[in-house]
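Here are my notes for you to read alongside the model. Please keep the viewer open and look up each residue as it comes along.

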Amino acid sequence: MSKIKDFVTSFSFRKLLYNKRFTVPVSIILAFIFWLLIVTKENPIIDRSFADMTVNVNLENTIASENGMSLVGDISEQKFTVIARGPTYLISSLKSEDFNVYASAASIDAPGEYNLEVVAIPNSANKGYEVLSVTPSTVKVSFDYIDTKEFTVKGM
């Protein structure tokens, strides 16, 4: 009990404030807490674009795949830009891989050229932001029946 009493009588805030072993860590902790409060409460909403993204055309469970049609041509050369909006701390941590850009082929029922609407869906666990737009908003695709045959070539 006497140790506690001695500590209480010898304790001084003045000595504590002039002790660098105390003030430096407390200053760093307080600065981090204030920064965290400002970032989460006063953080502005920003827009950010993610460029050079490729589109995936989903053919699973569609009339086109059931009828034996396939995508003709290479659409991987077409690049898309996704614009997302949200708090700075969320948007700044996102990458292009955090979005799935796809076009649905659900309405394709005959061979030909189609302009399919392109949609971007966030695939990250972070919520609190939204996808504003995808540019260009459509992708031009061709569908046709693909048939393969093998032939034997004989020399003369």
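How many helices and strands does the protein have?

1. **Elements.** The protein has 5 helices and 8 strands. Both kinds are DSSP runs numbered from the N terminus, with at least four residues (H or I) for a helix and at least two (E) for a strand. Starting at the N terminus, the order is α-α-α-β-β-α-β-β-α-β-β-β-β.

2. **What you are looking at.** This is a predicted model, in which local features need pLDDT of at least 70 and side-chain atom pairs count only at pLDDT 80 or more, while totals for chains, interfaces and linings use all residues. Residues are numbered from 1 along each chain as its sequence is written, and side-chain values use heavy atoms, with hydrogens and water left out.

3. **Overall dimensions.** The radius of gyration of the protein is 30 Å, whereas a compact globule of 156 residues would be near 15 Å. This radius is taken over C-alpha atoms, and the globule rule is 2.2 Å times the number of residues to the power 0.38. Along the principal axes, the C-alpha atoms fill a box of roughly 110 × 40 × 30 Å.

4. **Surface and burial.** Of the 156 residues, 21% count as buried. Here buried means under 20% relative accessible area, exposed means over 50%, and partly exposed lies in between (1.4 Å probe, protein chains only). The accessible surface is about 11800 Å², with 56% of it belonging to carbon and sulfur atoms. Such areas come from the Shrake-Rupley method with a 1.4 Å probe, and for residues only the protein chains shown count as cover.

5. **Contacts along the sequence.** Take the contacts (heavy atoms within 4.5 Å) between residues at least 6 apart in sequence: 76% of them join residues at least 24 apart.

6. **Salt bridges.** How many salt bridges does a search of the whole structure find? There are 2, each being a side-chain nitrogen of Lys or Arg within 4 Å of a carboxyl oxygen of Asp or Glu.

7. **Asp 47 and Arg 85.** In this salt bridge the closest N and O atoms are 2.7 Å apart. Asp 47 belongs to strand β1 (residues 45-53) and Arg 85 to strand β4 (residues 80-87), so the pair ties together parts that are 38 residues apart in sequence. Asp 47 is partly exposed at 43% relative accessibility, and Arg 85 is partly exposed at 34%.

8. **Lys 140 and Glu 113.** Here the closest N and O atoms of the salt bridge are 3.3 Å apart. Because Lys 140 lies in strand β8 (residues 138-145) and Glu 113 in strand β6, the pair ties together parts that are 27 residues apart in sequence. Buried or exposed, which are Lys 140 and Glu 113? Both are exposed.

9. **Backbone details.** The peptide bond from Thr 135 to Pro 136 is cis, with omega near -10°. Pro 136 sits in the loop between β7 and β8. Asp 52, in strand β1, has phi near 60°, a positive value in a residue other than glycine. Asp 52 is exposed, with a relative accessible area of 58%.

10. **A loop lysine.** Where is Lys 127 found? Look in the loop between β6 (112-122) and β7 (130-135). Lys 127 counts as exposed because its relative accessibility is 63%.
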